[in-house]
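Welcome! Take a moment to look over the sequence and the model, and then we will walk through some of the details together.

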Amino acid sequence: MALDLVIRQGTIVDGSGAARYRGDVGVKDGRIVEIGRIRASAQRTVDADGLIVAPGFIDGHTHMDAQVSWDRIGSCSCWHGVTSVIMGNCGFALAPCKPEAREWFARCLTAVEDIPTEAMLAGIDWTWESFPEYLATVDHLPKAINYGAYIGHSALRMYVMGKRALSEKASEDDLARMVAAVQEAIRAGAMGFSSSRATTHVTPDDTPVASRIADWSEVDRLVGAMAELNAGIFQVGPDISGGEAQREFLARLKQVAVESGRPVMFGTLSSRQGKSPNPWTYQLDYLDECAAAGARMWGQATTRSINALFTLKSYLPFDVLPTWRQVRSLPLPEQKRRLADPATRRQLVAEEARMKPRGDVFQGGGAATTDPRKPDYDNLFAMQGVDWNDPSVAQLAAQRGEHPVEVMLDLVLANEDQVFVQPLVNEQPDHVLGMLKHPRTLATFSDSGAHVCQEMGSSLQTHLLSYWVRGKQAFTLEAAVRKLTFDNASAWELNDRGLVRTGYRADLVLFDEARVKPAMPTVETDLPGGARRLVQKAEGIAAVVVNGQVTLEQGEPTGAVPGELLRGPGARAA
Ligand SMILES: [Zn+2]
């Protein structure tokens, strides 16, 4: 039998956690059909000598719902070896949506996730109304990675209730229509139902998003709708505004999980923000308690701090101040001339003193960039590499005997791509490691596709491999690959992905374990309509294979678009 593709002489880390071995991988019709010493001829051969051959990485927490329309390759995730993503997290989705509500949906996504409205209006051919129609659109779009999607609570509520969704309790009629739509979505292949109780999730009018207006009995009904079909995951953006609020949220979530029997996922975070935050271990103990009570629950963990990023070409923490606003509205060369001018600088530095103080309100990447507080310069770092050991602006200011604002101005004038990093959560590496090591957490939660000019989480996979595996040796490569592949495939029931085994889909990533790491983030203007976004690529990823076709070689797209729609178990049963 002639094969479509043979990957020769690689070191196979198969995703199960088992020890590596040398071998060839043969692919036919999008599946792995042979492993070992392959003698059959193949249309295409890739030399993997010296490279690791692993299953493609799976990221279950993204917001690529809009981007899938215009970004064929699936950046920035694709550059980090990701071959499958789940989108529609936290209740935000583009379906179901009535035609007259499209612009409002786009503006809500701008408000919460910093996806530019102009990019969405220019880049989306908005042909759908129902959730199944959206899935059909995604199914047909040319794409280089695989996508699954949740039906989102805020979208669904707006669809059924209109503007009442932003202020009112659902009526019995509203609930019946939402239940029907959730079941229709699950049967069409939704991965589940997503929602949010996060205080950081607000509309363009700074009011709570629709899912936060829902009371818990509504959540019970909608998760119960999935339970009736015995299919679908409930993903929810957690309330992390403070100790008491978070504890109440978790207690009620436990009840949903135990009563419905559906898998439940929420973000586990270590936070110093908010009102008397709970220790990070509280959520891990909680996962164990829920399991003991009969819940099937996962915490979504990331592999490092979640950061607001500041640059000259995107946001700086001072942009809301009057002189700053005036200077920052100028073309870049003119800005740089003004930022170097001594009189202007004195004014810019002086204005910083009048910034709003930090309070005990939890700020995510959105508010941290668009409604910034006076920076804590001990918690604002001048990025010099990707090794999580950058100097703080406070340290640099002390060394140079300068005001922190002057330090930042000097740095951006010397390098217009200088990035400043403000950790929002997960500041402590040992907390992150503790969360990653817990058996009930998943390494996911990139938020890829969201916060396009505010955060950059898409590199969490290459960060795990470079920082935690190669640098700290906190995981074997085999264990880390399993976290990015088989564990996530199991949680989302992607039953023929996540392992290098015969019969499995040929989603593969070939990388150099001695070199793999994230590249430095930059600001690019490559969104539809020329809008800007943060971009982060990777080093050491030699090739990516999706459904048997090579999609990336040395970071360059091949033009192949073999990505598929991932349908959830509810569609397979139907
Ligand atoms: Zn999210």
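## A buried residue and its place at the zinc site

Let us begin with His61: this is a predicted model, and in it His61 has a relative accessible area of 2%, so it is buried. His61 is also one of the residues that hold the zinc ion, and its NE2 atom is the donor. The other donors are NE2 of His63, SG of Cys90 and OD of Asp447, and the distances run from 2.2 to 2.8 Å. Cys90 is buried as well, because its relative accessibility is 6% and the cut-off for buried is under 20%.

How are the donor residues of the zinc ion spaced in sequence? The pattern reads H-x1-H-x26-C-x356-D. His61 lies in the loop between β6 (57-59) and β7 (82-87), while Cys90 lies in the loop between β7 and α1 (102-113). These two residues are 29 residues apart, and the pair links distant parts of the chain. As for geometry, the angles among the four donor atoms span 73 to 168°, and the site is irregular.

How many aromatic pairs does the structure hold? There are 11. In one of them, the ring centres of Trp126 and Trp128 are 5.5 Å apart and the planes meet at 35°, so this pair is tilted. Trp126 counts as buried at 10% relative accessibility, and Trp128 is buried with a relative accessible area of 2%. Another tilted pair is made by Phe318 and Trp324, with ring centres 4.8 Å apart and planes at 40°. Both Phe318 and Trp324 are buried.

Trp126 and Trp128 also belong to an aromatic cluster, together with Phe131 and Tyr134.

The charged end of Lys163 is over the ring of Trp104, at 3.9 Å from the ring centre. Likewise, the charged end of Lys537 is over the ring of Trp79, at 4.8 Å from the centre.

## An enclosed helix

Now turn to helix α4, which covers residues 153-161. Why is α4 described as largely enclosed by the rest of the structure? The reason is that nine of its nine residues are buried. Among them are His153, Arg157 and Tyr159, along with Leu156 and Val160.

What do the buried residues of α4 pack against? Their partners include helices α1, α5 (172-188), α6 (210-213) and α7 (216-229), as well as strands β8 (146-152) and β9 (192-196). After α4 comes Gly162, whose phi is positive, near 60°.

## A three-stranded sheet

Three strands make up an open sheet in the order β13-β15-β14, and their pairing is antiparallel. The edges are β13 (306-311) and β14 (381-382), each of which pairs on one side only.

β14 joins β15 (residues 419-425) through two bridges in the antiparallel sense.

## A glutamine tucked inside

Our last stop is Gln461, in helix α17 (residues 460-471). Is Gln461 buried or exposed? Its relative accessible area is 0%, so Gln461 is buried.

Leaving aside residues up to four places away in sequence, Gln461 touches Phe57, Asp59, His80, Val82 and Leu484.

Notes
Residues are numbered from 1 along each chain as its sequence is written. This is a predicted model: local features need pLDDT of at least 70, side-chain atom pairs count only at pLDDT 80 or more; totals for chains, interfaces and linings use all residues. Side-chain values use heavy atoms; hydrogens and water are left out. Donors are N, O and S atoms within 2.8 Å of the metal (3.2 Å for Na, K and Ca); water is not among the atoms, so sites may look incomplete. Four donors count as tetrahedral if all angles lie between 85 and 135 degrees; four count as square planar and six as octahedral if opposite donors are over 155 degrees apart and all others between 65 and 115; anything else is irregular. Helices (H or I, at least four residues) and strands (E, at least two) are DSSP runs, numbered from the N terminus. Buried means under 20% relative accessible area, exposed over 50%, partly exposed in between (1.4 Å probe, protein chains only). Rings of Phe, Tyr and Trp (its six-membered ring) pair if their centres lie within 6.5 Å; planes under 30 degrees apart count as stacked, over 60 as edge-to-face and the rest as tilted. A charge sits over a ring if NZ of Lys or CZ of Arg is within 6 Å of the ring centre and within 35 degrees of the ring normal. Two strands pair if DSSP finds at least two bridges between them. Contact means heavy atoms within 4.5 Å.
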